[in-house]
Structure formats: C-alpha cells, structure tokens
Amino acid sequence: MNITFVRTALACAAILDIAVARGAADIDALNKKLDDYEQRIESLERKDAESSRATGGAVDYSRRKTTNNLFNPAISVILDGVYANYKNEPDDYRIPGFALGGEAELASEGFSLGHSEIVFSNNIDDKFYGQFTLAIAEHDNELEVELEEAFFETLALGGGFSIRGGRFYSALGYLNQIHEHAWDFKDAPLVYRALFGNQYFDDGLRVSVILPTAVFLEIGAEALTGRKFPAGGEQDGVGSWVAYSNIGGDIGVSHSWQAGLSYWAADKIEREYGGHGHEGAVEVPQFAGDSRTVGLNAIYKWAPAGNYRERNLKLQFEYFNREDEGNLTLLNSDPLESSTLDSQQDGWYAQAIWQFARSWRTGLRYDRLDSDNKGSDTDVLDEAGLLSYGHTPERASVMAEWVPSEYSRIRLQYNRDDSYQVSDDQVYLQYTFSIGSHGAHAF
Amino acid sequence: MRMLFRPGLFVGLVTLLCTYSGTTWAALSVFACEPEWAALVEELGGDRLEIYSATTAQQDPHQIQARPSLIAKARKADLLVCTGAELEIGWLPLLLRKAGNARIQVGQAGHFLAAEYTDMLEVPDKLDRSLGDIHASGNPHVHTDPRNILRVADPLTQRLKAVDPDHADDYQQRYQAFKAKWQDAIDDWSQRAAVVEGKNIVVHHDYWSYFTHWLGLNKVATLEPVVGVSPSTRHLAQVKQLLEKQPAVMIVDTSYMNDRPVMWLSEQTGLPVVTLPATVDYHGGETLLQWFERLVVRMLEPLK
C-alpha cells in the first residue's frame with residue numbers, strides 16, 4: 001500500500017471531521033480525535049514497513065550467499081593421463097573410406113598426458129552465464145593450448161528461450177556436447193573420430209527453445225563460422241548451420257529417456273584432412289564443396305527407484321550420415337591432382353554402462369562405419385584414404401572404472417579394433433581427476 | 001532440396017518467434033527439489049498450487065541429473081523451492097540454465113532456498129576434499145529438525161504472497177493454521193521423545209544431525225569415514241572397537257543408502273538398526289506431520 005496516499009487520505013478525513021464538528025465547543029473532543037488519527041497513521045506505517053520487509057519488495061531474497069569463492073568464477077582443473085598399449089604401430093592407424101582430420105589420431109604409445117583442461121564458469125549477472133575452457137595437450141613434444149569453449153548464455157529471456165554465443169560444442173550430437181573427460185570411454189566413438197575429428201566445435205550463435213509441453217521438447221539452431229573441421233576454408237558470415245531437436249521424459253520413477261535428431265549443413269567449404277603433425281611438404285587432401293550430415297541419437301537410463309547412488313544403467317546410441325559433393329584435390333602435389341567427389345559416409349555406435357556398486361562401473365561399446373565414395377579419378381580418392389576396399393571398419397570395447405568419488409576415476413579399457421584391415425588390440429589405463437568446483441550432473 | 005533448407009529453417013524460426021506466446025497457467029506452478037518442501041508448500045498453498053517434487057524419499061538428492069523431465073518442469077515453474085547449501089549443486093545450476101525460465105533464476109522472487117532461513121550445523125572450518133564431499137555452508141539436511149520446518153514456513157509464506165499477491169490473505173491464513181498445528185505437534189513429539197535425550201547412537205551418514213540435535217541424542221560414531229565415502233572394513237572395525245568403550249543404543253540409517261555396512265555392524269554388536277525414511281513420502285500422499293510421527297515412533301521402538 002502506498003503510505004503517502006494513506007497519510008493524505010487520513011489527513012483529509014481528519015480535516016473533514018474537524019470541519020463537521022466546527023460548531024462544537026468541545027476542544028478536548030477534537031484533540032482526542034486528532035490523537036486517534038495519529039495512532040491509526042502510526043499503526044498503518046508500522047504494518048507497511050513490516051510487509052515490505054517480508055516480501056522484500058525489489059531487493060534481493062538471499063540472506064546468505066553461497067557463491068563459489070565469493071565473486072570469483074567457479075574454477076575446475078581436469079588432470080588426465082593415459083598409458084596406452086597397441087599391438088599394431090599407432091602411426092599406421094587409418095580408417096579406409098574415411099579421410100581423417102581434427103584430432104582423430106590414436107594417443108601415443110606408452111604414457112602420455114591426455115586433455116588437461118581448465119574451466120572457468122559463473123553467472124555473469126542476472127541475465128548472462130559465461131564459460132571458458134582451455135585444453136592443454138602435447139603433440140610431438142610441442143605444447144598446444146586450445147580454446148575449446150568461450151561462450152555466454154542468456155538466463156533471463158524467459159519463455160523457454162536461450163541464446164548462446166561465442167565458441168561452443170555444437171548440439172548436433174549427444175556425446176558432442178560432453179567434455180572429453182566426462183566420456184564413458186577413453187576414446188571417441190569411431191563415427192565421431194571419422195566424421196568430426198573426435199568432437200565438433202565452432203564459433204557462432206545458438207538459439208534454442210524448450211516448448212511448454214508435458215514431455216521435454218527442445219528445438220534449436222546454430223549459425224557457425226564454418227571454419228572448423230569438418231567444415232573449413234575462408235568463410236564470410238555463416239559458413240555452417242545446425243538444426244536440432246531433442247525430446248525426452250520419464251517412464252515411471254525409474255526410467256528416463258531422450259531422443260534427438262540433428263542436421264548439419266555447410267556449403268562451399270574447403271575441408272583439409274590430415275590433422276596434427278601432417279603439415280609440411282606432404283600432400284594434403286582437401287575437399288571443396290557442399291556437405292550435409294544427419295544425426296540421430298537415443299539415450300535411456302535406469303536406476304532402481306530413480307536413485308543413482310548405488311546402481312544404474314545407461315544405454316546410448318548414435319547414428320550419423322554424411323553426404324559430400326564437390327572436388328577433391330591433393331594440395332602440394334605436382335602437377336596438381338584432383339578429382340570430383342560424391343561421398344556417402346555413415347556410422348553408428350551403441351554402448352551400455354552399468355554402475356553395479358557405489359564406486360564401480362563397467363561398460364561395453366560397439367562401433368561400425370560404412371562408406372561409398374565415388375569420383376572421376378579413383379587414384380586421388382585412394383591417396384586421400386577414401387577407398388574402403390570392401391572393408392567395414394568396426395570396433396568392440398570393454399571398460400571397467402573405479403570411481404572413488406565424484407572427483408576421481410581410474411579406468412581400464414580394451415578395444416578390439418578393426419578400423420582397418422589388420423586387427424589391433426588396444427589397452428588403455430587412464431586416470432581422470434578433477435580439482436576445484438563441483439561438476440554438473442548432465443543427463 | 002538442399003537449397004530449401006536454409007530459408008526453411010529461417011522461416012520456421014521466425015514463425016515460431018512470432019506465434020509463440022507463453023501459456024498462462026490457472027494454478028501457480030511450484031517446482032520443489034525435495035519432497036519435504038513440496039509437502040510444506042502444499043500446506044501453505046493447498047489446491048491453489050500445482051506442485052512437482054523433483055526427487056522422492058528413495059533418492060539421494062545429491063545424485064540427481066538435470067534430466068529432460070526436470071528441465072520441462074522447471075521451464076514452467078513460477079516458484080522454485082529447494083534446500084540450497086550446495087545440496088543440489090550438481091544439478092540445480094544446470095537445470096536453471098537449461099530451463100530458459102527467468103522467473104526462477106537466482107535472486108528472483110521465484111527462487112527460494114530453505115537453508116538460507118535456518119541456522120546451520122557442521123559448517124566446516126576447513127574446506128578440503130580429502131575430508132569428503134563436504135558442504136561449505138554446513139550440513140544441508142535441515143528439514144530433519146521440525147523447528148526448522150517452522151523457520152522456513154514463515155519466509156516461504158511471504159514468498160508465496162510475493163509471487164501470487166492476489167491470494168496473499170489465503171496464504172497467510174493457511175500459514176497461521178499450519179503454525180498452530182505444527183507447534184502443538186512439536187510439543188507432543190518433544191515430550192514423547194524426551195526419554196532418548198543424552199543416549200548414544202551411531203549413524204551411517206551425517207543425514208540426521210538436525211534431528212538428533214533436536215532430540216539431544218549423542219552421536220558417538222559415523223560409519224562413513226569422510227562425508228559421502230563408503231566405509232571400508234578397516235573403518236568399520238574401528239567403529240566396532242570404539243563402541244566397546246562407548247556403548248550406543250542403536251544404529252541410525254537413511255532409507256536411500258546401501259544398508260550392508262550397517263547390517264554388518266549390527267550383527268557384530270547386536271545393536272538394533274533404525275532405518276529412518278529420509279523424507280516425507282510426498283508421492284505416496286504422506287504429510288509432513290505423518291512423516292515426523294513415523295520418525296519419532298521408529299526412534300522410540302528399540303527403547304521400549
């Protein structure tokens with residue numbers, strides 16, 4: 001209630017009252033009336049002050065602040081290391097029918113540091129959230145610092161809308177949005193390795209909306225620069241697009257699920273294959289043209305009575321299909337060799353993770369790829385590694401983890417890898433530790 | 001077909017943005033992180049509210065994921081009522097970011113944390129993860145002291161009035177009725193449970209600190225060596241030794257935890273196990289009053 005208004009009203013009432021009683025000679029009665037009004041004003045003032053204290057008006061509602069490090073951002077550092085053992089020579093690794101790029105190569109044999117990460121995040125103000133992730137890794141004795149994420153996200157648009165801008169992992173796949181250290185296996189699924197060079201991120205803008213439906217229904221779109229693998233080249237404006245939709249919910253109290261569909265499009269790109277350490281005088285295959293990828297994913301989780309503490313099961317499936325149309329050139333070749341390219345590549349993986357005790361998890365994964373690439377000059381396709389020679393790349397993996405707390409994990413993993421024609425046995429012993437702020441429990 | 005995609009997407013988005021209007025809900029939608037707050041807000045708002053509890057009494061509230069169904073519910077909520085004190089730190093911040101709902105963000109009227117209105121026990125002097133999964137703000141399980149329920153009920157009522165001022169009188173009346181009923185109940189429980197005062201107990205996890213503090217029970221040992229870490233056999237043996245010097249009357253366990261270490265210790269020592277329901281069975285229609293009655297009755301059973 002507006003106290004000034006009340007005060008004025010009461011004062012007016014008092015004057016009117018006095019006016020009505022003007023004939024009365026009894027001054028005492030008038031004084032008494034005035035006292036009475038004074039008291040009523042005081043009591044109203046008290047009530048108003050109390051109620052504005054209680055509702056807080058427009059002031060903040062928190063009595064005790066629980067922000068991490070007061071106003072510093074939440075900081076976490078990921079320590080990751082692996083001991084790898086291969087039957088085959090890891091440098092011979094290839095996937096026939098798929099020219100590799102990005103970070104598709106195998107981890108070095110023996111002991112090596114994986115992706116050490118530093119993550120800063122916090123609410124920027126009441127309208128924005130920000131996150132910054134640096135990954136530090138060593139390739140061929142050279143320390144490489146990579147900016148993996150640097151994005152803002154809106155908090156207060158309302159209506160289920162969010163806008164994210166900057167550098168971020170694309171929402172085109174389920175695993176793509178999960179940081180490497182939170183994956184359930186040491187290495188990326190073959191389809192991620194073959195099509196995205198492990199993981200796809202770029203700079204741009206994402207708009208997404210959660211619809212006001214009973215089931216979870218999200219649709220979103222990303223406009224990206226198109227300069228990052230598997231796109232590439234000098235792009236003006238928007239070089240690649242992503243549209244995606246996710247749907248999900250619960251079945252009873254013990255089961256949860258999510259399914260997603262995505263579409264990635266990039267026109268007039270110049271995709272360079274080769275990845276790390278292959279630059280220099282060697283011939284580098286380059287694809288120039290239009291590329292489309294369709295993705296599907298499905299996740300199912302179960303925990304007894306929905307209590308994830310002791311036991312739970314997670315099933316995960318993803319499928320991607322990519323179509324490339326354009327030209328393939330071997331850069332640095334003399335004379336310059338090139339061919340047309342009409343390429344169809346697809347692949348899927350399915351995995352099951354079973355947490356059977358508070359600190360123990362185990363999992364199985366199966367990967368499979370398929371390709372059909374055509375061009376005017378088969379020799380060029382062959383040099384680029386785009387001929388499959390009838391081989392179907394596949395891989396089976398098994399892992400076991402000891403997870404003493406939310407911040408530590410020791411993992412043993414074995415792969416029977418048939419990426420190329422010679423079967424490989426791969427063994428990884430990996431540690432992943434997190435120091436600093438508490439991680440997020442994403443679905 | 002390829003050419004169609006870009007304009008198609010653009011038109012689709014624009015159409016969506018233009019035709020989109022937030023659905024209006026007849027009832028005020030409340031998202032409670034834990035069943036105790038769902039039950040409390042129901043006492044204060046009754047049928048006027050559409051209440052959703054994100055967890056059940058069988059779930060460890062710390063181990064929840066920001067799963068799709070929770071995002072869908074949080075997106076529609078007018079008021080979020082959670083414990084705070086970092087109990088939901090693994091999933092609530094993510095949920096708030098994903099929900100795209102301005103009303104329930106930190107600092108808004110629709111964001112209510114119960115632990116901000118109670119005094120905290122076990123606030124650590126030292127923050128170090130070697131001490132386990134400790135909470136910097138103190139033990140977050142504040143709802144196990146019935147006096148805390150009352151401490152939270154008052155500011156929660158004020159918050160309901162702020163979010164839904166049209167029905168402020170109704171919330172105030174319901175609060176007065178609840179307060180009277182609850183105060184009587186506290187007096188009754190305190191009187192009946194007076195016999196346990198000063199008794200020694202062993203707990204599995206420091207879940208019941210506020211409850212035992214209220215009843216004046218004396219915790220001599222905790223089975224978890226540090227917070228959130230399962231007891232090793234060596235630690236259990238140490239607890240057993242300790243109990244020979246300082247005899248206890250019972251082992252108190254929590255419904256959502258693995259009962260194996262508790263059963264082992266019970267077999268070794270002959271102590272009765274009292275498994276207390278972690279919170280009200282809100283999904284099963286239980287009220288806060290019935291739940292606390294159940295707690296008190298179970299606590300008194302082994303002492304008969």
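Predicted model: local features only at pLDDT ≥ 70, side-chain atom pairs only at ≥ 80, totals over all residues.
Residues are numbered from 1 along each chain as its sequence is written, and chains are lettered from A and ligands numbered from 1 in the order in which they are written.

Trainee: What percentage of the residues of chain A count as buried?
Mentor: Chain A has four helices and 17 strands, where helices (H or I, at least four residues) and strands (E, at least two) are DSSP runs numbered from the N terminus. A residue is buried if 20 or more other C-beta atoms, placed from the backbone, lie within 10 Å of its own. Of the 443 residues of chain A, the buried share is 36%.

Trainee: Which helix gives the most to the side of chain B that touches chain A?
Mentor: Two residues are in contact if their C-beta atoms, placed from the backbone, lie within 7 Å, and the contact takes 56 residues from chain A and 54 residues from chain B. Two or more residues each come from helix H1 (2-19), helix H3 (68-76), helix H4 (92-99) and H5 of chain B. With six residues, the one that gives the most is H3(B).

Trainee: At roughly what angle do the axes of H3(B) and H4(B) cross?
Mentor: The contact joins B:Leu70, B:Ile71, B:Ala74 and B:Arg75 of H3(B) to B:Leu95, B:Lys98 and B:Ala99 of H4(B). Axes are lines fitted to C-alpha atoms over the stretch in contact, with angles from 0 to 180 degrees between N-to-C directions. The two axes come within 9 Å, and they cross at roughly 65°.

Trainee: Which helix supplies the largest share of the side of domain 1 of chain B that touches domain 2 of chain B?
Mentor: Chain B is divided into domain 1 (28-189) and domain 2 (195-303), with bounds that come from an automatic or database domain assignment. The domain centres, taken over C-alpha atoms, are separated by 24 Å, and 31 residues of domain 1 are in contact with 26 residues of domain 2. Helix H2 (35-45), helix H5 (146-163) and helix H6 (168-192) of chain B each supply at least two residues of this side of domain 1. The largest share, six residues, comes from H2(B).

Notes: Buried ≥ 20, exposed ≤ 12 C-beta atoms within 10 Å, placed from the backbone.
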